[in-house]
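Thanks for coming. I will walk through one model today, going from one part of the fold to the next.

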Amino acid sequence: MKSLAYLNKYIWKYRGRILLGFLFILASNIIQAIMPSKVQEAIDQFTFFIAQYPNVDSKEIFYADNILPFTLNIILIYMALALLRAVFVFMMRQTIIILSRLIEFDLKNEIYDHYQRLHLGFYKENNTGDLMNRISEDVTKARMYLGPAIMYSINLICLFTVTLVFMLDKSVELTLWTLIPLPIMSILIYFVSHTMNKRSERVQNQQSKLTTFVQEMFSGIRIVKAYNRQEEAYKSFQNESTEYKKRSLKLVLINAFFMPIILLLIGLSTIITIYVGGIKTIDGDISYGDIVQFVIYVNLLTWPFASIGWVTSIIQRAAASQERINEFLKEQPQIESGPIQATNLKGRLEFRNVTFSYPNDNKEVLNDISFVIEPGKTLAIIGRTGSGKSTVSDLAARMYDPLKGTILLDGIPLDNYELSSLRSNIGYVPQEVFLFSDTIANNISFGIENGAEMDRIEKAAVNAHIHHNIIDFKDGYSSVMGERGLTLSGGQKQRISIARALIREPKLMLLDDCLSAVDTETEAAILSNLKEIMSNNTTIISSHRISSIQHADEIIVLDQGKIIERGTHQALLNKKGDYFSLYKKQLTDN
Ligand SMILES: Nc1ncnc2c1ncn2[C@@H]1O[C@H](COP(=O)(O)OP(=O)(O)OP(=O)(O)O)[C@@H](O)[C@H]1O
Ligand SMILES: [Mg+2]
């Protein structure tokens, strides 16, 4: 339950609304409790009238002088009360349910904002489904606590207090008898709703398993067809689907118990009221109308009491959900922003004895790496797969902090810079291209606040050697990419990703193996375009191919996180070491 305390700040924020909601609930319940007393009044009055005219026809009694006005009067009052109550019930739902929606909105925004500030490592440790569930389903469950649970709880307390006052006023003994079955009902309903919730959770789990399965199979339909796995896929689907059916049927069974239990206990209460009330009427302790009034009260109290069980179960689930949400909210961003604004940088980048391993992994991915890139110069990194090339780029973009050693930009350690100002100086082209389901133009101008003008976008595209492809598409720069949109080749995607970095005109350019999917001719074209741009900024370019990097000012050869050779292309060739053998091999391969 403690986890729900997190929501108190929001409850406090909307305290005015809660107070208003409470007043509406109180008003509607007072009216609701008055209404049965009008029924009682009517019944007792009619019994009285009938007793006054023992031998007269019923129609005549009805039209006797004082009966008609009384009847009309009581009908009008009753209708007015019903209408007023309806208005208050409407207002109560409007205030409290809206309150829960407002808090849901705030909470979702808070979680999303928090997610975005978390470090990259967090996303490696937690899967996307988990992140999505906590911001959607778990928030929904927390909302059920804020809306219905709070509303029904206040409602129960109000209604119970108000009706109790009315009932005790009539007869203390009959009140006690009438109330006996209600707590039993609450407990029973609690068990039924608890089981219901557990089973519905199992249904939901199976449902999400089914969805994941279908999604994966159809994203990978090309592989499924090529390897002829349709039959097996269908069988697996059927198994999962059968499990779903089984779980749903179990849920239906327990659902079916809900109403009968309530009806049974209302029946029990009513019987007790009529029996005990009957004896008391015969004894002359209470009137006919009083029994009817009690029966109505029993019925009124049934739903609130039934809701105790239901509400308890909602609160338990909300607490579990909120606990999951809190777990992520407690997570602190490990990459903290520093005080210095990164403006007017020259772009001198230095790695000083940098050693690094990924979080939760002891393996040293980089070991004592040192290099300096002077402003406007280019450093190239070449090495086998897994040697640590991408890791160098990630560290330079401050996606992670080094374990040992320092990375300095213009002589100042990276962690002293204000993070967003630092990143706005960086053009990062990751190895794995990611494009958003949006137009090509928007993908290219993604890193520019408020978007960029068309000529800037085109210039970047020309430099990335993709402009001529884009204008061939039917919708040109407005072509939408993604599932239902344009499908680009690997090389085309890479070049859009390069354009996205170029348009920012960054001080520090990180090109991580970003030419792997283009042919050597295109590569040469891009490199010659980049040459001029790269002379204005500091660049790290990594690659498997010597052709991509041979013109760099310095080349380092990485092997298992260590620098094994360094120098210019010519110097490295003269050395006749690993670089030279790689060069020879790639020459013969081509
Ligand atoms: N998020 C991560 N968590 C743990 N280990 C990682 C992570 N990312 C990379 N590694 C490990 O770090 C090492 C270096 O990876 P890195 O991606 O830097 O290599 P690379 O030289 O870029 O390889 P490639 O040429 O295939 O792109 C590899 O052994 C890899 O398994
Ligand atoms: Mg890599």
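**A hairpin to begin with**

Asp410 takes a positive phi near 50° in the hairpin of strand 4 and strand 5, which has 2 residues between the strands. Before I go on, this is a predicted model, in which local features need pLDDT of at least 70, side-chain atom pairs count only at pLDDT 80 or more, and totals for chains, interfaces and linings use all residues. Residues are numbered from 1 along each chain as its sequence is written, chains are lettered from A and ligands numbered from 1 in the order in which they are written, and side-chain values use heavy atoms, leaving out hydrogens and water.

Two terms I need already. Helices (H or I, at least four residues) and strands (E, at least two) are DSSP runs, numbered from the N terminus. Two strands pair if DSSP finds at least two bridges between them.

Strand 4 and strand 5 (residues 412–413) are antiparallel, with 2 bridges, and Leu408 has Pro413 as its bridge partner in strand 5. Strand 4 (residues 404–409) is also joined to strand 1 (residues 349–356), antiparallel again, by 5 bridges. There, Leu349 is partnered by Leu409 of strand 4.

Two loop residues belong here. Asn344, in the loop between helix 12 and strand 1, is not a glycine but has a positive phi of about 50°. Asn360, in the loop between strand 1 and strand 2 (366–373), has a positive phi too, near 60°. Are they buried or exposed? Buried means under 20% relative accessible area, exposed over 50%, and partly exposed in between, with a 1.4 Å probe and protein chains only. Asn344 is exposed at 76%, and Asn360 is exposed at 69%.

Strand 3 (residues 378–383) and strand 9 (residues 554–559) run parallel, joined by 5 bridges, and Gly383 is opposite Leu558 in strand 9.

Contact means heavy atoms within 4.5 Å.

What coordinates the magnesium ion, ligand 2? Ser390 (OG) and Gln431 (OE1) do, at 1.9 to 2.2 Å. Ser390 lies in helix 13 and Gln431 in the loop between strand 6 and helix 15 (440–444), so the pair ties together parts 41 residues apart in sequence. Donors are N, O and S atoms within 2.8 Å of the metal (3.2 Å for Na, K and Ca), and water is not among the atoms, so sites may look incomplete. Ser390 is partly exposed at 22% relative accessible area, and Gln431 is partly exposed at 38%.

Last, helix 6 (residues 128–135). Its residues Leu131, Arg134 and Ile135 are buried. They fall within an arc of 95° seen down the helix axis, so they line one face of helix 6; the arc is that of the directions from the axis to the C-beta atoms. Among the elements covering them are helix 4 (67–117) and helix 7 (137–170).
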